[in-house]
Amino acid sequence: MAGKPRFNANWMQRHLNDPYVRKAQQLGYRSRAAFKLAEIDDQDKLIRPGMCIVELGAAPGSWTQVVCERLGRFEGRVRGRIIAVDMLPMEALEGVEFMLGDFREEHVIEKLEQMLARRPCDLVISDMAPNLSGVGSADAARMADLVDLALLFAREQLRTGGCLLVKSFQGTGFSQQVEAFKRSFRRVHIRKPKASREESAETYLLGKGLIAGQRVPAAVGSGTRTGPLGHTARARSTCVVRG
Ligand SMILES: C[S@@+](CC[C@H](N)C(=O)[O-])C[C@H]1O[C@@H](n2cnc3c(N)ncnc32)[C@H](O)[C@@H]1O
């Protein structure tokens with residue numbers, strides 16, 4: 001117990017001194033994570049007006065704010081479509097379709113597929129992160145599950161040539177994820193934006209240009225799915241859609 005308050009005080013101090021936290025507050029972003037996506041998009045030009053984008057692990061919504069800005073608006077409406085998913089509630093953003101649900105659950109993915117109605121999307125972005133246990137191997141395995149599911153979803157729902165950006169952890173299993181991306185995308189990049197803390201294992205894997213023939217048909221109603229990395233999902237439960 002003795003260590004806990006000291007850790008919290010350190011965290012709070014670092015948070016208050018963090019230039020990205022201050023900048024996020026000044027610019028009205030919901031979290032400092034906004035600058036991670038903004039930097040990656042400045043470099044890789046992923047988001048363009050008119051696109052259909054699926055965002056996994058969206059709450060509290062700062063990536064969604066960046067996506068909305070970069071899609072732009074015409075006569076007040078977002079130029080494109082954004083479907084955001086999270087297992088936690090998220091304050092509404094105009095023009096964003098939000099689904100509350102756990103992406104590991106079959107039912108949630110099926111609902112997403114229904115929303116897309118067989119129209120392939122242009123970009124999938126995932127900032128999903130498991131609750132960290134502090135046990136490196138367990139955390140890496142949970143993260144690998146999420147990466148695997150995002151990759152499987154992207155292969156089912158992206159158009160040929162589409163892109164996938166996912167958060168991952170450097171460490172056990174990461175090289176297999178890179179290899180799986182290389183089998184599916186023409187170009188694969190590893191991105192560590194400046195706003196991602198150096199001491200954090202967090203890193204982003206970017207697949208650009210889904211290879212024709214790597215698109216796989218969606219396995220609707222199968223009950224479970226196995227991703228390209230061999231991870232299997234999941235239990236059934238309910239999800240709520242807001243749009
Ligand atoms: C780092 S936060 C995302 C921050 C967000 N990109 C932003 O800019 O505001 C990670 C999010 O992933 C969500 N998440 C983690 N596992 C998930 C899952 N299995 N299904 C849906 N959301 C998940 C968490 O609830 C959390 O809100």
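A residue counts as buried if 20 or more other C-beta atoms lie within 10 Å of its own, as exposed if 12 or fewer do, and as partly exposed in between, with C-beta atoms placed from the backbone. The views below show a predicted model, in which local features need pLDDT of at least 70 and side-chain atom pairs count only at pLDDT 80 or more, while totals for chains, interfaces and linings use all residues. Residues are numbered from 1 along each chain as its sequence is written.

View 1. Glu75 has a phi near 50° and is found in the loop between strand S2 (73–74) and strand S3 (77–78), where helices (H or I, at least four residues) and strands (E, at least two) are DSSP runs numbered from the N terminus. Because Glu75 has 5 C-beta neighbours inside 10 Å, it counts as exposed. Arg118 has a phi near 65° and is found in the loop between helix H5 (106–116) and strand S6 (121–126); with 8 other C-beta atoms within 10 Å, Arg118 is exposed. Most residues other than glycine have a negative phi, and most peptide bonds are trans.

**View 2. The cis peptide bond between Ala59 and Pro60.** The bond that joins Ala59 and Pro60 is cis, with an omega of about 5°. Pro60 is found in the loop between strand S1 (52–56) and helix H4 (62–71).

**View 3. The contact of helices H3 and H4.** The axes of H3 (residues 34–44) and H4 come within 7 Å and cross at roughly 40°, the axes being lines fitted to C-alpha atoms, for helices over the stretch in contact, with angles that run from 0 to 180 degrees between N-to-C directions. This angle makes H3 oblique to H4, since angles under 35 degrees count as roughly parallel, over 145 as roughly antiparallel, 65 to 115 as roughly perpendicular and the rest as oblique. On the H3 side the contact is made by Ala34, Leu37, Ala38 and Asp41, and on the H4 side by Ser62, Trp63, Gln65, Val66 and Arg70, where two residues are in contact if their C-beta atoms, placed from the backbone, lie within 7 Å. These residues divide into five nonpolar, two polar and two charged (Ala, Val, Leu, Ile, Met, Phe, Trp, Tyr, Cys and Pro count as nonpolar, Asp, Glu, Lys and Arg as charged, and the others, Gly among them, as polar).

**View 4. The largest nonpolar core.** This core has 61 residues, and those with the most contacts inside it are Ala34, Ile53, Val124, Ala150, Leu164 and Leu165; a nonpolar core is a set of buried Ala, Val, Leu, Ile, Met, Phe, Trp, Tyr and Cys residues joined through C-beta atoms within 7 Å. Helix H6 (residues 136–157) gives the most to this core, with ten residues. Leaving aside residues up to four places away in sequence, Leu165 touches Ile40, Leu46, Ile125, Tyr204 and Leu206. Of the 243 residues of the protein, 38% count as buried.

View 5. Pro130 has its place in the loop between S6 and H6 and is partly exposed, with 17 other C-beta atoms within 10 Å. Apart from neighbours within four places in sequence, Pro130 is in contact with Asp139, Arg142, Met143 and Leu146. Pro130 and Ala144 are 14 residues apart in sequence and, C-alpha to C-alpha, 9.8 Å apart in space.
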